[in-house]
Amino acid sequence: MQTSQHWNDYWLHSSSLSSFAEGTAAAGYQGELLAFWQRYFAALAPAAILVDIGTGNGAIAVAARQFSNQQQLAFDIHATDAANINPLVTFAHNAQLLDVLKQIKFYPCCPAEQLPFPDNSINLITSQFALEYANIELAVTELLRVLAPMGTLVAVMHHNDTQLAQDCLAGIKVLQLFLEQKPFFECARQLISSLIQQQLSAANPAIQRQCQQHNQQLLTLVSSIKQQLKEEHQLWFTDVMAKVAKLIMQPAEGALQALEKYENQYKANLLRLLDQRQAAFNADKLAALQAFLQQQACHFSLELLEIENQLFGQVLIIQK
Ligand SMILES: C[S@@+](CC[C@H](N)C(=O)[O-])C[C@H]1O[C@@H](n2cnc3c(N)ncnc32)[C@H](O)[C@@H]1O
């Protein structure tokens with residue numbers, strides 16, 4: 001199973017514990033979603049063995065560890081991901097979090113389709129926006145192998161009808177326009193280069209003309225991108241424009257490197273969004289998964305999950 005380089009890069013550079021979370025939520029899942037997971041932790045025996053698959057920086061594993069410690073239980077917690085994760089290094093600067101992370105065993109480069117656990121050994125397997133990124137039939141077969149008798153798998157998965165999925169589509173549209181269909185970053189690079197040259201050469205009319213030309217090219221391009229966008233694209237559009245405009249307004253040394261860094265970050269972001277769209281459940285995918293699960297030796301349910309009165313995802317629960 002091949003690991004995607006863009007996920008390796010994401011976790012290497014992310015300072016968030018979970019994906020889809022910036023700001024305060026970057027410290028891990030909270031509120032109703034955390035309460036949802038805690039219900040499953042509460043149903044476990046004191047020395048239960050847990051595995052969080054597709055763990056990223058370990059948000060669900062950390063929630064389980066904190067629950068176990070608060071309740072004075074002794075869960076044995078393992079966290080796997082196909083990507084080359086290394087939360088202990090990523091959060092080396094955060095002593096409190098590091099202390100919790102050290103009480104979890106992480107397995108980088110470990111796809112859900114092939115797990116290093118014995119048969120019938122795990123009491124609870126969790127997955128938050130991860131199982132659906134794997135080959136789901138191979139992964140479920142493997143998860144059923146390692147689940148202990150009476151063990152439970154709980155997977156919260158992307159669903160096409162959520163706000164997150166709509167935002168994903170909006171992001172794909174905007175980033176494809178900026179990165180693929182129009183030479184936006186190339187134009188911005190030319191403009192910033194000529195602005196830097198202009199700063200270095202006092203009042204050179206040829207360079208001034210070049211700046212004006214590049215500026216006009218970029219304005220025309222931005223206006224044509226804008227014409228193709230709707231209200232739901234605005235946040236993505238503003239995000240790219242604000243970063244690039246800042247570099248154009250202050251074309252200092254390092255601006256070209258910063259522009260290249262942004263371009264690469266947006267390229268990786270686009271790949272993650274394309275993965276996410278591919279992973280999300282629709283009626284056809286759901287029917288196929290149901291048909292597959294009916295042939296397995298397990299009980300299962302597939303339900304929609306609402307968090308804070310909004311559709312959040314599709315929950316798969318398997319009981320072995
Ligand atoms: C959207 S992130 C979710 C990460 C984490 N569960 C969270 O909620 O923050 C999806 C994760 O699935 C991982 N992934 C993709 N394919 C996988 C596979 N076949 N097996 C295990 N993990 C996989 C990616 O590397 C990525 O870390």
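Let me begin with Asn-309, which is found in the loop between β6 (299–307) and β7 (310–319), where strands (E, at least two residues) and helices (H or I, at least four) are DSSP runs numbered from the N terminus. What we are looking at is a predicted model, in which local features need pLDDT of at least 70 and side-chain atom pairs count only at pLDDT 80 or more, while totals for chains, interfaces and linings use all residues. Residues are numbered from 1 along each chain as its sequence is written, and side-chain values use heavy atoms, with hydrogens and water left out.

Asn-309 has a positive phi of about 60° although it is not a glycine. As background, most residues other than glycine have a negative phi. Asn-309 is exposed, with a relative accessible area of 72%; here exposed means over 50%, buried means under 20%, and partly exposed lies in between, for a 1.4 Å probe and protein chains only. Cys-109, in the loop between β3 (105–107) and β4 (122–128), also has a positive phi, near 50°, and this residue is partly exposed at 46%.

Let me turn to the helices. Helix α8 (residues 184–200) and helix α9 (residues 205–227) pack at an angle of about 155°, with their axes 9 Å apart; axes are lines fitted to C-alpha atoms, for helices over the stretch in contact, and angles run from 0 to 180 degrees between N-to-C directions. The two helices, α8 and α9, are therefore roughly antiparallel to each other, a term for angles over 145 degrees. The residues that make the contact (heavy atoms within 4.5 Å) include Phe-184 and Leu-191 of α8 and Cys-211 and Leu-218 of α9.

Now to the aromatic rings. How many aromatic pairs does a search of the whole structure find? The search finds 14, where rings of Phe, Tyr and Trp (its six-membered ring) pair if their centres lie within 6.5 Å, and planes over 60 degrees apart count as edge-to-face, under 30 as stacked and the rest as tilted. One of them is the edge-to-face pair of Phe-178 and Phe-184, at 4.6 Å centre to centre and 70° between the planes, and both residues are buried. Ring pairs link Phe-178 and Phe-184 with Phe-185, Phe-237 and Tyr-266 into a cluster.

Finally, the charged end of Lys-105 sits over the ring of Tyr-107, 4.7 Å from its centre, which requires NZ of Lys or CZ of Arg within 6 Å of the ring centre and within 35 degrees of the ring normal.

Definitions and conventions. Angles under 35 degrees count as roughly parallel, over 145 as roughly antiparallel, 65 to 115 as roughly perpendicular and the rest as oblique.
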